Amino acid sequence: MVVLATDSVDREILRALRDDGRIPLVQLAARVGLSQTPCKRRLQRLEESGLISGYIARIDRKAAGFGITAFVSVELERQDADEIARFQKRTAQFEEVVTGTLMTGAQDFLLEIVVESLEEFETFLQTKLLRIPGIRVVRSRFALRKFIDRARIP
């Protein structure tokens, strides 16, 4: 992966898009102090380089009916490359898993699970996660409330 060199104008474009991913080019250009053509070229360069990896709508989970967020730590019996890849492939198929992170230390993976209810979480555990071969330990923690939710980089 190549790190793209950015300047203050690029960073201002990124901030503006972080705040409003649907900002019209005319407004984006005005906000960063460029005319439309150079602003569009910079935006295309940021997209083509992969620094901007896509545009999404941020959905309020509770408003969508998904009031339970669990963080699940998983330890595998073996940590070889094949077992890790197999676990990642299986968990990527589960819609309830919204993020999956390979970790260091005592846990091998940290999964963020979003469901409607505790009953649905139990069903997810029993019928999906715990049926994956090679799991040694699963520990679940439930989020009470999110107090920081940043869609930015420092």
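**Entry 1: the model and its layout.** I am working with a predicted model. I started by listing the secondary structure and got five helices and four strands in the chain. Reading from the N terminus, I wrote the order down as α-α-α-β-α-β-β-α-β.

**Entry 2: overall dimensions.** I looked up the extent of the C-alpha trace, and along the principal axes it spans about 55 × 35 × 25 Å. Next came the radius of gyration: the chain has 20 Å, whereas a compact globule of 154 residues would be near 15 Å.

**Entry 3: surface and contacts.** I checked burial, and 27% of the 154 residues count as buried.

**Entry 4: helix 1 against helix 3.** How do the axes of helix 1 and helix 3 cross? I get roughly 80° for the crossing, and the axes come within 11 Å. Since 65 to 115 degrees counts as roughly perpendicular, that makes helix 1 roughly perpendicular to helix 3. Helix 1 covers residues 8-19. From helix 1, I noted Val9, Asp10, Ile13, Leu14 and Leu17, which meet Cys39, Arg42, Leu43, Arg45 and Leu46 in helix 3. Sorted by class, this contact has seven nonpolar, no polar and three charged residues.

**Entry 5: helix 2 against helix 3.** I then turned to helix 2 (residues 25-32) and helix 3 (residues 36-48). They pack at an angle of about 95°, and their axes are 9 Å apart. That makes helix 2 roughly perpendicular to helix 3. On the helix 2 side I found Leu25, Val26, Leu28, Ala29 and Val32, and they meet Gln36, Cys39, Lys40 and Leu43 in helix 3. The class tally for this contact is seven nonpolar, one polar and one charged. Going back over my lists, I see Cys39 and Leu43 in the contact with helix 1, and both turn up in the contact with helix 2.

**Entry 6: glutamate 112.** Is glutamate 112 buried or exposed? Its relative accessible area is 10%, so I put it down as buried. I located glutamate 112 in strand 3, which covers residues 109-115. Which residues is it in contact with, leaving aside its neighbours within four places in sequence? I wrote down Arg61, Thr69, Ala70, Phe71, Glu96, Val97, Val98 and Thr99.

Note on methods: Residues numbered from 1 in each chain as written. Predicted model: local features only at pLDDT ≥ 70, side-chain atom pairs only at ≥ 80, totals over all residues. Heavy atoms only, no water. Axes fitted to C-alpha atoms, helices over the stretch in contact; angles between N-to-C directions. Helix = DSSP H or I, 4+ residues; strand = E, 2+ residues; numbered from the N terminus. Parallel < 35°, antiparallel > 145°, perpendicular 65-115°, else oblique. Contact = heavy atoms within 4.5 Å. Nonpolar A, V, L, I, M, F, W, Y, C, P; charged D, E, K, R; others polar. Rg over C-alpha atoms; globule rule 2.2 N^0.38 Å. Buried < 20%, exposed > 50% of the residue type's maximum accessible area, 1.4 Å probe, protein only.
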